[in-house]
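Okay, thanks for coming, everyone. Could someone put the model up on the screen so that we can walk through it together?

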Amino acid sequence: MSRYAAVDIGSNSVRIMAAEIGHGETRILAEDLQVTRLGESVFRGGRISKAALDLLCATLAKMAAIYGGLDIAGVRAVATSAVRDASNQAEFLERTRRALGTTVEIISGQEEARLIHLGVKARWPRSRERTLIIDVGGGSAELVLSQNGQLIDAVSKPLGAVRLTEMFLKSDPPLADELHRLDGYVREKLAPFHRRHGAEKFDRTL
């Protein structure tokens, strides 16, 4: 049986999972999640702030120590929406490589959607259903249409919770005008997917 680790550097949080895989089974060896709100500075100023990057790298070093003692055969570390938008990607890649001991891959929105689909299918298979999967992260939201376990259509939209908060919600509680502009933005971004699939029926949405 082989052991692998995955690190997901999101716009709001960082996750690690290490697992042993073999004989058609997966056994979780370790997992952790830490909120870092990496995207807050990106969506506000266009780059990852020093404070956010310092916190992230300290968190990644602790996570690397977790899987470092588990005789791991391979690690895949990915970064998503906030890092896709950050102007200081080179600094991010160098510092995270040193913290983790492995290269971090900045994945596209399409690849993020594909991985979400694989994760849902592995944990909760619905081989005979037509399913709409909606994953709302900190920087983006992925909508995935799956039928009989196969990915039919997938999109990634800039509709994450941290991004939308920084863009539109300046008051607490939010003002009516802020909510109105937020609603209009969400509808605009979802319109192409809705035109393609709005009239369709799904066995399940999750």
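This is a predicted model: local features need pLDDT of at least 70, side-chain atom pairs count only at pLDDT 80 or more; totals for chains, interfaces and linings use all residues.

Residues are numbered from 1 along each chain as its sequence is written, and side-chain values use heavy atoms, with hydrogens and water left out.

So, the sheet. Two strands pair if DSSP finds at least two bridges between them. What order do the strands of the open sheet have? There are five, and you read them β3-β2-β1-β4-β5, with mixed pairing. β3 and β5 (104–106) are the edge strands, each pairing on one side only. From one strand to the next, the twist averages 20°; angles here run from 0 to 180 degrees between N-to-C directions, and axes are lines fitted to C-alpha atoms, for helices over the stretch in contact.

Look at the β3 end. β2 and β3 run antiparallel, joined by ten bridges, and Ala18 has Ala30 in β3 as its bridge partner. Now find helix α4, residues 89–100: it lies across β1, β4 and β5, and runs at about 150° to β5. Contact, by the way, means heavy atoms within 4.5 Å.

Is Thr59 buried or exposed? Its relative accessible area is 9%, so it is buried, the cut-offs being under 20% for buried, over 50% for exposed and partly exposed in between, with a 1.4 Å probe and protein chains only. Leaving out residues up to four places away in sequence, Thr59 touches Gln34 and Thr36.

β6 and β7 (residues 141–147) run antiparallel with seven bridges, and the hairpin that joins them goes through four residues. Val136 stands opposite Ala141 in β7. β6 also has two bridges to β9 (residues 204–205), and that pair runs parallel; Thr131 has Arg204 in β9 as its partner.

On a 1 Å grid over the protein atoms alone, a cavity is a set of points where a 1.4 Å probe fits but cannot get out; a pocket is an open set with protein on both sides within 12 Å along at least five of seven lines; and lining residues have an atom within 4 Å of a point. Points are joined across faces, edges and corners, and a volume is the space filled by probe spheres set on the points.

The largest pocket comes to about 1,400 Å³. It has 39 lining residues, and the closest to its centre are Ala6, Asp8, Met17, Leu115 and Gly119. Which element gives the most to that lining? That's α5, with eight residues.

Okay, over to you.
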